[in-house]
Amino acid sequence: MARRPRLLPVVGTARNLLLGSLEGILPEPPDTGAPLPLVLVACSGGPDSLALAAVAAHLARTGRARVGAVVVDHGLHPASSTIAGRAADTARALGLDPVRVDRVHVGRDGTGPEAAARRARYGALDDAAATLDASAVLLGHTLDDQAEQVLLGLARGSGTRSLAGMPPRRGRYLRPFLELRRADTEAICDFYDLQPWHDPANLDPAFARSRVRGEVLPFLEDRLGPGIAPALARSARILGQDADLLAELSLEAYTELRIEGENGEVLLPEDGLRALPAALRRRVLARAALELGAFQPSSERLRAAESLLERKGSAGPVQLGGKVSVNRQVRGRSVLRGEPSYGNLVLGNNGAGVKKSRRPNQE
């Protein structure tokens, strides 16, 4: 009888990371009488996602979960359908079931090809998870991907949330390999005798992320010494905790200050905004804008909105994002008796004043 190969240490590490990521999803201890949860692997056929598929297949073999895969064909490569089919065949050979291939259309909406492809990909994953009633969708991002994300955020002058990089968990999406290096996933593929596809776009200097991967990070490692990628990932974890706390505090402040206008506007009392630290004040303004359907306002737009609180110069409106604007209420606007309106910032889709206002929690 042939001897089984000795388990590669990084495979054991990867299995433990996956189990930790699925805490609260997998039955513990395994309940043989209950239906097993379905876990889907987002599989592109690259080394990261194939390694994740191989490690996740162990859950199915040991009866911990049903494990399937979704291969998204973006149609951006001449051989994309062949590559997608090969990835699906590999997933089936690993024992994953169900395995589906979803072809998507990557539109052009002015945000760039990477962002458009990402939206199309997550749309397909959302649909697959809903259709198959999956408990989780596993993504193969690694520590190296996280480091690249942080550097890109620094280059854009982003805030805390962006610099926190990719979260380990967001809704049903899980990233169990954020502590593994890209070399680790390649070693896992070698252990399972898998032949991953290496996307040439990952080293195409036309893309900012590719330049970070192929030029910037190696340059920093050369000039500053090894350990740059782990240090960036560590910064992301620290900033992620800070961002979570600021999000919680800003939600509490927004809930306390928010006044709903008769025509759907959102009013925020100026005195209450002035009393907040700047970090919370800008997040409260951003929350109001997002509630009204705006995209995330830039820091420049939020600072312009803050300037209305100084009561100098124009009372607005200041455009925050999309069709959402904010203005300072001025004296002389008619209001119903007993309904104070002066002294608020008004956010709406047309910058109109408020005829009537109320606090939802006082009804």
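Visitor: Let us start with E148: does it count as buried or exposed?

Guide: E148 counts as buried, because its relative accessibility is 1%. Buried means under 20% relative accessible area, exposed over 50%, and partly exposed in between, with a 1.4 Å probe and protein chains only. Please note that this is a predicted model, in which local features need pLDDT of at least 70 and side-chain atom pairs count only at pLDDT 80 or more, while totals for chains, interfaces and linings use all residues. Residues are numbered from 1 along each chain as its sequence is written, and side-chain values use heavy atoms, with hydrogens and water left out.

Visitor: Which helix holds E148?

Guide: E148 lies in helix α5, residues 143-156. Helices are DSSP runs of H or I with at least four residues, strands are runs of E with at least two, and both are numbered from the N terminus.

Visitor: And what does E148 touch?

Guide: Not counting residues up to four places away in sequence, E148 touches R182, R209, V212, R213 and L217. Contact here means heavy atoms within 4.5 Å.

Visitor: Which residue forms a salt bridge with E148?

Guide: E148 forms a salt bridge with R182, and the closest N and O atoms are 3.2 Å apart. The pair links distant parts of the chain, since E148 is in helix α5 and R182 in helix α7 (residues 182-191), 34 residues apart. A salt bridge is a side-chain nitrogen of Lys or Arg within 4 Å of a carboxyl oxygen of Asp or Glu.

Visitor: Is R182 buried or exposed?

Guide: R182 is buried, with a relative accessible area of 16%.

Visitor: What about D145, what is its partner?

Guide: D145 forms a salt bridge with R213, the closest N and O atoms being 3.3 Å apart. R213 lies in helix α8 (residues 208-224) and D145 in helix α5, so this pair ties together parts that are 68 residues apart in sequence. D145 is buried, with a relative accessible area of 8%.

Visitor: Which residues make up the network of salt bridges here?

Guide: The linked residues are D145, E148, R182, R209 and R213.

Visitor: How many salt bridges does the count come to?

Guide: The count comes to 18 salt bridges. One of them joins the side chains of R274 and D271, at 3.0 Å from N to O. Both residues lie in helix α10 (residues 270-274), three residues apart, about one turn of the helix.

Visitor: What follows just after α5?

Guide: Just after α5, G157 takes a positive phi of about 70°.

Visitor: Now α6, please. What does L163 contact?

Guide: L163 lies in helix α6. Leaving aside its neighbours within four places in sequence, L163 is in contact with V150, G153, L154, S158, A236 and L239. L163 is buried, with a relative accessible area of 14%.

Visitor: Let us change topic. At what angle do α9 and α11 pack?

Guide: Helix α9 and helix α11 (residues 278-291) pack at an angle of about 70°, with their axes 9 Å apart. That makes α9 roughly perpendicular to α11. Axes are lines fitted to C-alpha atoms, for helices over the stretch in contact, and angles run from 0 to 180 degrees between N-to-C directions. Angles under 35 degrees count as roughly parallel, over 145 as roughly antiparallel, 65 to 115 as roughly perpendicular and the rest as oblique.

Visitor: Which residues meet there?

Guide: The α9 side includes L246, L249 and Y254, and the α11 side includes L280, V284 and A288.

Visitor: And how do α8 and α9 cross?

Guide: The axes of α8 and α9 cross at roughly 110° and come within 9 Å. That makes α8 roughly perpendicular to α9. In this pairing, L217, L220, E221 and L224 of α8 meet I228, A229 and L232 of α9.
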